[in-house]
Amino acid sequence: METLASANLTLYQQLAEDLSLAISRGTLPPGSRLPSVRRTAESRRLSLNTVVAAYRVLEDRGLIEARPQSGYYVRSRLPLPARRTAQAAGPARGTDGAVLDLIGASLKAQQTPGYIDMALACPHGGEFYPGAKLARLMGQLLRKNPGLVSTYALPPGSERLRTQIARRGLELGMALQPDDIILTHGCMEALQLALRAITRHGDTVGIESPTYFNLLPLFASLGLKAVEIPTDPQQGLSLDALELLLAEGRLNAVIAMPNVHNPLGSTMPLENKKRLAALANQYRVPLIEDALYAELQFADSLQPAVKAFDRDGWVIVCASYTKTLAPDFRVGWMEGGRFTEAIRKLKFATSIAEPLVLSETLGLFLESGGYDHHLRALKRRYAVHVDKVRALIADHFPAGTRATRPSGGFLLWVELPEPCDTVALFHAAIAERISISPGPLYSPSGRYRNALRLSCCQPLDERFLAALVRVGELATAQIGG
């Protein structure tokens, strides 16, 4: 076979130009899959090296991207949000009442029958969960041990599940011990227990900005103040701003989502994660790492958790299986580092333990290897959904719109041209029975009024796609486009 330095140089350039033209004309639309290298080589009567070289040219131009175990796909034309790590952290403050009211209105719309939901980060439909397999496992479990449903669950809960969580933690670089893992009622209880263990009423917590919106009512209920720390879609939490706050002694704790961030969808670079763990240990300020979406990274080799670099137990990691396996089981988990015993006592005083039949069912599924197969298929599906939604945004939202390119999961952060008001857009969409998630939900001070979060975790049927186009039309009309 020839090399790139051989006479076939013009052949791969010609192939790259042909494919580039097809992409620009829309013959190969954003999100579409290119023919495999082998198929293209056969149809064009070219060598595999020539096709690979052409595809690399297109990758270098930013026109296509390779997805592990899936192939090459046309990238969206939508630009990424601008960098913002140079901004300073905000002042400590409670959550604005208007933001809490907006969260309530958004949740109400999501629960109303007949709405097209682009807001809630909860996958809709059986294609996203292995429901039938879990039902069979639960049936087998109860037939062998019917007494499970008539037995009180007691701490520490299912050893099988805790063992499997520890085993899977190795893929994220974490050396966890089953005895240190606390099973919780979803990730939200894990976050609440962590905050209750390490803070007191009136304390100040550093949060990413934008941040996960459900932290805001949680902070309000615990009497906590938040400092918004700028968070970049590519680099993650601004570590320079964080270090300044830590050096000044202004923070009692920090919460971050370094892997597959909600709402940005991004993953913090490895060196930044190491520095984040080092800062928590150096200043002896606990870091709560929300790893809810960490296993939904699109790459085959998962980027490690910050917990992997925790030296002295100052990082508390929290996660659950609600987004990937069984939302109604509400089974989550956490490892509390040096705060494990305090968290264990709080868990017992709050909800004692998680249902054994549910935990054992999940443990069996993880043990069987079925989870890995399910996760691979799920990540491929979400990657396609995200690209398809980005392509529609590029075509139907106002000129100047930007959106993140997630490293995993199913969430998109969309920034519209500055005159656009996504709170007004939210109300206009609600009037047409479409639910979106406006940017101010993700900031205790109500920032990001020109941004919104879209969720791509439902079947992208004609009704959903038409609603997305309609949101773009409403946004365009709002700014007089």
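**Ground rules.** I number residues from 1 along each chain as its sequence is written, and side-chain values use heavy atoms, with hydrogens and water left out. Since this is a predicted model, local features need pLDDT of at least 70 and side-chain atom pairs count only at pLDDT 80 or more, while totals for chains, interfaces and linings use all residues. Helices (H or I, at least four residues) and strands (E, at least two) are DSSP runs, numbered from the N terminus.

**Helix 4 and helix 8.** I looked up how helix 4 (residues 97-110) sits on helix 8 (residues 215-222): the angle is about 125° and the axes are 10 Å apart. Axes here are lines fitted to C-alpha atoms, for helices over the stretch in contact, and angles run from 0 to 180 degrees between N-to-C directions. Helix 4 and helix 8 are therefore oblique to each other; under 35 degrees counts as roughly parallel, over 145 as roughly antiparallel, 65 to 115 as roughly perpendicular, and the rest as oblique. In the contact (heavy atoms within 4.5 Å), Val99, Leu100 and Ile103 of helix 4 meet Leu216, Pro217 and Ala220 of helix 8. I sorted the residues of this contact by class: six nonpolar, no polar and no charged. Ala, Val, Leu, Ile, Met, Phe, Trp, Tyr, Cys and Pro count as nonpolar, Asp, Glu, Lys and Arg as charged, and the others, Gly among them, as polar.

**Helix 7 and helix 11.** Next I checked helix 7 (residues 186-198) against helix 11 (residues 340-350), which pack at about 120° with axes 9 Å apart. This pair is therefore oblique too. From helix 7, Glu189, Leu193, Ala194, Arg196 and Ala197 meet Ala342, Ile343, Leu346, Lys347 and Thr350 of helix 11. The class tally for this contact is six nonpolar, one polar and three charged residues.

**Helix 10.** Which residues of helix 10 are buried? I found Asn272, Lys273, Leu276, Ala277, Leu279, Ala280 and Asn281; buried means under 20% relative accessible area, exposed over 50%, partly exposed in between (1.4 Å probe, protein chains only). Their cover includes strand 7 (236-237), helix 9 (239-247), strand 8 (253-256) and strand 9 (287-290). Just after helix 10, arginine 284 has a positive phi of about 55°.

**Leucine 364.** I found leucine 364 in helix 12 (residues 356-368). Leucine 364 counts as buried because its relative accessibility is 19%. Leaving aside neighbours within four places in sequence, leucine 364 is in contact with Leu137, Leu141 and Arg160.
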